[in-house]
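Here are a few friendly notes to read alongside the structure. Take them one at a time, and find each residue on screen as you go.

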Amino acid sequence: MNAPTSMGARPPHLLDFQDWTPERLHAILDNADTMLQVLDRPVKKVPALQGLTVCNAFFENSTRTRTSFELAARRMSADVLTFAAGASSVSKGESLRDTLEVLTSYKVDAYIVRHHAAGAAHLVARYSGKPVINAGDGRRAHPTQALLDAYTIRQEYGSLEGKKVAILGDVRHSRVARSNAELLPKLGAQVVLCGPATLLPPGLAQMPGVTLTTDPKEAVRGAHAVMALRLQRERMSGGFLGSLQEYADTYQVNDTLLKEAESGAIVLHPGPMNRDLEISSDAADGPQSRILKQVENGQAIRMSVLYHLLVGRN
Ligand code: ASP
């Protein structure tokens, strides 16, 4: 099952999308359809990961990603070891390497890693020799969030081919924006990243299928999906914004801005939301919002990713 096929060789990890062919990415999305059906059954469990132990290693806070990975692994009958740094010896100064040595001695079969440092998931992959899923590393990548975003858009339109996706807000500090900018063009969509110049790194324009603008109306015009990003104040060290009010007045995703988009365009947010800052409550709770759908789809996508990485691997 690890031999190269028409989809390309199966990558051992999901750290970002560099080694993933569009065919394999489509297979993950297709398989999520099956997982959603499992989640609709009275007994929401399949034996696919029976006998395997999955470690949920969260060195940074999370609500949606941690709970949905935990449920996804349990729904597939894996044993789950959940590790939260705040409640561990990491808060006493233990290094990532020493913590990993402890986890490795439990004979864990796969790691799901969230860490504030970019590259931490790569380090776990190298050190543990086991499949690793990056659940967010610094501002670098959050691949399962991008997959569930792609899945939610595909669910709406049947395909990502030729779709325009506008992503607005704190692009600079957002791993969600980077992962979506890497993934969506591979699946045929066009991505426009938008925010104040201080929060919009010009280098991202080098990515295929990605354009940048500081003009929110231009970004949203004709878009099929409009995603608001949280202002990541925990990652900001300098004065990136004049004032929050000024930011909201210009870049907030709200009903007025949505008028520029394709009619019926869907509204996305990776959560957690700062309501009435980057997104208005009307847009977050309105008929175009798919924010709770994203959460629902997240579990199915994570089941599908676990399946792809773990089932049939010796
Ligand atoms: N939950 C997402 C992340 O972990 C987005 C955010 O925190 O704003 O990157």
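1. Start with what lies against helix 8: its buried residues pack against strand 5 (164–168), strand 6 (190–194) and helix 7 (216–220). Keep in mind while you look that this is a predicted model. Helix 8 covers residues 244–251, and its buried residues are Tyr 247, Ala 248 and Tyr 251. Looking down the axis of helix 8, you will find these buried residues within an arc of 100°, so they line one face of the helix.

2. Now turn to the other side of helix 8. Which exposed residues does the face turned away from the buried side carry? They are Gln 245, Glu 246 and Asp 249.

3. Two packed helices are described by the angle between their axes and the distance between the axes. For helix 1 (residues 22–39) and helix 5 (residues 143–157), the angle is about 70° and the axes are 10 Å apart. Helix 1 and helix 5 are therefore roughly perpendicular to each other, because angles of 65 to 115 degrees count that way.

4. Have a look at the residues where these two helices meet. Helix 1 brings Leu 25, His 26, Ile 28, Leu 29, Asp 30, Ala 32, Asp 33 and Leu 36, while helix 5 brings Leu 147, Tyr 151, Arg 154 and Gln 155. Sorted by class, the contact of helix 1 with helix 5 has seven nonpolar, two polar and three charged residues.

5. A second pair to compare is helix 3 (residues 96–104) with helix 4 (residues 120–128): their axes come within 11 Å and cross at roughly 45°. That angle makes helix 3 oblique to helix 4. The crossing of helix 3 past helix 4 is right-handed.

6. Which residues of helix 3 meet helix 4? From helix 3 they are Leu 96, Arg 97, Leu 100, Glu 101 and Thr 104, and their partners in helix 4 are Ala 120, Leu 123, Val 124 and Tyr 127. This contact of helix 3 with helix 4 divides into six nonpolar, one polar and two charged residues.

7. Leaving aside residues up to four places away in sequence, Arg 66 touches Asn 56, Phe 58 and Thr 82. Arg 66 and Ile 112 are 46 residues apart along the chain, and their C-alpha atoms are separated by 8.9 Å.

Definitions and conventions:
Residues numbered from 1 in each chain as written. Predicted model: local features only at pLDDT ≥ 70, side-chain atom pairs only at ≥ 80, totals over all residues. Heavy atoms only, no water. Axes fitted to C-alpha atoms, helices over the stretch in contact; angles between N-to-C directions. Helix = DSSP H or I, 4+ residues; strand = E, 2+ residues; numbered from the N terminus. Parallel < 35°, antiparallel > 145°, perpendicular 65-115°, else oblique. Left-handed = near helix turned anticlockwise from the far one by under 90°. Contact = heavy atoms within 4.5 Å. Nonpolar A, V, L, I, M, F, W, Y, C, P; charged D, E, K, R; others polar. Buried < 20%, exposed > 50% of the residue type's maximum accessible area, 1.4 Å probe, protein only. Arc of directions from axis to C-beta.
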